[in-house]
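Please open the model in your viewer and keep the selection panel at hand. The tour below moves from one selection to the next and says what is there.

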Amino acid sequence: MCGLEITVEGGRVARIRPNPDDVWSRGYICPKGVSLGELHHDPDRLRQPLVRDGDRFREVGWDEALDETWRRLRAVVDAHGREAVTAYIGNPTVHNFSLSRYVPAFIGMAGLPVVYSAGTVDQWPKNLVGALCYGGIWTIATPDLDRTEYLLMLGANPHASQGSLVAAPDFLGRMAAIRARGGKVVVVDPRRTGTAERADEWLPIQPGTDALFLAAIASVLFAEGLARPGALADRVNGLDEVERLLAGFTPDAVADACRLPADTIRRIARELAAAPRAAVYGRIGTCTQEFGTLASWLVEVLNVATGNLDRPGGSMFSNPVAWTLMSQTPPEYAGGFALGRWKTRVRGAAEVLGQVPVSCLAEEIDTPGAGQLRALITIAGNPVLSAPDAARLDAALPKLECMIAVDNWLNETTRHAHVILPGLSALEQPHCDDMIWAWAVRNAIKHSPAIFAAEPDASGRRPAEWEILLWLAGILQGARPADTDPRALDALFFGGLVALFASAPGSPIAGRDPAAIVAATAGVGPERMLDFSLRVGPWGDRYGANPGGLTLAELARHPNGIDKGPLEPRLGEVLRTPSGKLELAPAPITADLARLRARMRRDREPLVLVSRRHVRSNNSWMHNAPSLMTGKDRCTLLVHPADARRLGLEDGKPARVASRAGSVVVPAEVSDEMLPGVVSLPHGWGHDKPGASLSVASRHAGVCNNVLAPGDLIDVPSGNAVVNGVPVEVAPA
Ligand SMILES: Nc1nc2c(c(=O)[nH]1)N[C@H]1C(S)=C(S)[C@@H](COP(=O)(O)OP(=O)(O)OC[C@H]3O[C@@H](n4cnc5c(=O)[nH]c(N)nc54)[C@H](O)[C@@H]3O)O[C@H]1N2
Ligand SMILES: Nc1nc2c(c(=O)[nH]1)N[C@H]1C(S)=C(S)[C@@H](COP(=O)(O)OP(=O)(O)OC[C@H]3O[C@@H](n4cnc5c(=O)[nH]c(N)nc54)[C@H](O)[C@@H]3O)O[C@H]1N2
Ligand SMILES: [Mo]
């Protein structure tokens, strides 16, 4: 999303600099953006499809790759039905121009009963809270960083990540600005991160106990008469019930479990209530833990109880300039959100918003019997490193009769595929972010053209990912790739979408002739989707109804982007609950409070593991970019000096970390940045697998922390994985 200035010399990227004129990022950039050139030129990046030949892969043309895909997928579907096929959707889907707009099309057209995604090792609790409280799976509020006077941030480290469900260039600069205008930043994290170091206050919390901490803050607000929802009072159902349910979670009751003094919790509650504008923001550390849903819900409770939801300087809803398909709630939920509509075959995990924990994937593959999974399509995902119980999945994938990977590298996961279908590099296609603008601190947008032309195969083909996905959907529906024109399928899909819009009362093109709208929309594939979504978006030209409004052609005239200003209150627009109110006490969430109450009385595990990220890295897949891999080893076990002494660990010496799921050996890094009793490993490492082709990453292999994450550890209401707060034992190796 940050504006780049890319200099090309002799057909190669010579330099990537931040664009000082970009209206959104204003000359800010992080190392991920600088690496786009290296990723593009990476000799290991796949430019041609690969087909398995025994233990090796062979580069083939697109016709052969698609025929092989047809042969293998059809064999499974014909013998076992589409129930034996699934897909795994990975994280780059939300950042890739083509995938972000066509994965929803693929899911809609492929007819697969179950699809897995990285979402259940990430933000599923946020989705559940969005659905039940606001009526939209992707209705997630953004802290209004630029106007807040008090930021209470839990389980997020923008010093490494640059944000997540809040998009803000130069996050740390914005934090410094809060402090410069007399505001306060409080960071809650078991590790004294670079973010915590730049905050006014760091609260080292015991992993997995954020819900107790937040509930105690709420109980103080209610008990001391500090809950002042103000204008929100009329729009919220259940505030009294929340007050009643949280009464027992006093600071004194939770202090031991959280390892935070009761007085500190009381003080934070009073500060939060006294701040003229405050925002509570919780991210991955509060989601991928034992009480992910309750913690995410309590973030909303505090923003509502202090009157900070939907007001400047509080927690607000961005208004994306382009409408996005991916963030729409599927029509099957028109009648409300029924949960647990079906259960998984092997462990009986309940479906939540159409998904089950990604850790179920391995057992659904390796457990024989009716309904066993026999084919998997991965789309921009590396679950062998990113999913819990990673070793079991790594062992299960070779049992598949068919595995197809839509991926640009031969890595830990795709080495198990029968066919790998590579997409274009980021510089070979236009770009306009899709989903993440929904959590941006300003209503902005930008489009960038492709820089390089992709090299075709011998028959002149080099499809983009949206075409690959449509071929795959066609194959699953019984259409031979040779007889399938992705553009015709696209026309079908796009025409259907426009017709749906035109027939929806209140839509920006309600009652208009769909054929005329289709004809007036420029381009094909994602470009056409983008033109459409801009034009039906809040600033769009609405196909003539709003003359001078935005179109793709107009956006393209602004290479530095378009900024429609700061966030504005819009709760009324986003609420989609049956009651039309914000439901603050949904039963599927409050029912989990019994489990939280029991947590207060539980003995503390002597040692637990949490995850971390690094600024020069991106999950598992940027470790093949040489400039990101210089400097000292980053895949280390951070351990507090007191723990190191007690366990006999030495800085730089190998430690064996073991959980009930598995064990790894990794160098210890002794540092007082950890809360004693908590150790930290980065995620996305373990590049030592035979058969992968990552020449740089394999020289900095590291270990996979998900070998240690038991697959059955989940946040109960959402089914999200617990990868933070995993009990471990550590000893010198
Ligand atoms: N222990 C632990 N586990 C975690 C986390 C954690 O904090 N701790 N974090 C979780 C989170 S938040 C996430 S989002 C997941 C990520 O989980 P995944 O999405 O499974 O993993 P990534 O590492 O993002 O893998 C991206 C894959 O996409 C491929 N790829 C990259 N660019 C492109 C492209 O343009 N097109 C295509 N087709 N493929 C591309 C890469 O080669 C790689 O295979 O991991 C989760 N797992
Ligand atoms: N450079 C870089 N940027 C990235 C990524 C990357 O890998 N590298 N990944 C991207 C992705 S997919 C995502 S989802 C975002 C994530 O962005 P963030 O949510 O900012 O994630 P992290 O940087 O992992 O920070 C999570 C913090 O939670 C803390 N934590 C662990 N357990 C607990 C707990 O129980 N309670 C509390 N309060 N804290 C806890 C950890 O110590 C860590 O400091 O980053 C994105 N941006
Ligand atoms: Mo993520």
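A crossing of two helices is called left-handed if the near helix is turned anticlockwise from the far one by less than a right angle, and right-handed if clockwise. Helices here are DSSP runs of H or I with at least four residues, strands are runs of E with at least two, and both are numbered from the N terminus. This is a predicted model, in which local features need pLDDT of at least 70 and side-chain atom pairs count only at pLDDT 80 or more, while totals for chains, interfaces and linings use all residues. Residues are numbered from 1 along each chain as its sequence is written, chains are lettered from A and ligands numbered from 1 in the order in which they are written, and side-chain values use heavy atoms, with hydrogens and water left out.

**First selection: α9 and α12**

Select residues 210–223, helix α9, together with residues 262–274, helix α12; the two pack at an angle of about 60° with their axes 9 Å apart, and their crossing is right-handed. The axes are lines fitted to C-alpha atoms over the stretch in contact, and angles run from 0 to 180 degrees between N-to-C directions. Showing side chains, you will find Phe213, Ala216, Ile217, Val220 and Leu221 of α9 meeting a set in α12 that includes Ile265, Arg266 and Leu272, where contact means heavy atoms within 4.5 Å.

**Next: ligand 1**

Select ligand 1 and the 30 residues around it, of which Tyr88, Asn91, Asp407, Glu465 and Ser620 come nearest; a residue is included if one of its heavy atoms lies within 4 Å. For polar contacts (pairs of N or O atoms within 3.5 Å), look at Asn382, with a polar backbone atom 2.9 Å from an oxygen atom of ligand 1, and at Ser611, with a polar side-chain atom 2.9 Å from a nitrogen atom of ligand 1. Taken alone, ligand 1 exposes 920 Å², and the protein buries 96% of that, as computed by the Shrake-Rupley method with a 1.4 Å probe.

Around ligand 2 are 33 residues, the closest being Ser161, Asp189, Asp210, Ser617 and Asn619. An N or O atom in the side chain of Asp189 lies 2.6 Å from an oxygen atom of ligand 2, and a polar backbone atom of Asn619 is 2.7 Å from an oxygen atom of ligand 2. The largest share of this shell, three residues, comes from α6.

Methods: Polar contact = N/O pair within 3.5 Å; in protein donor to acceptor, adjacent residues only side chain to side chain.
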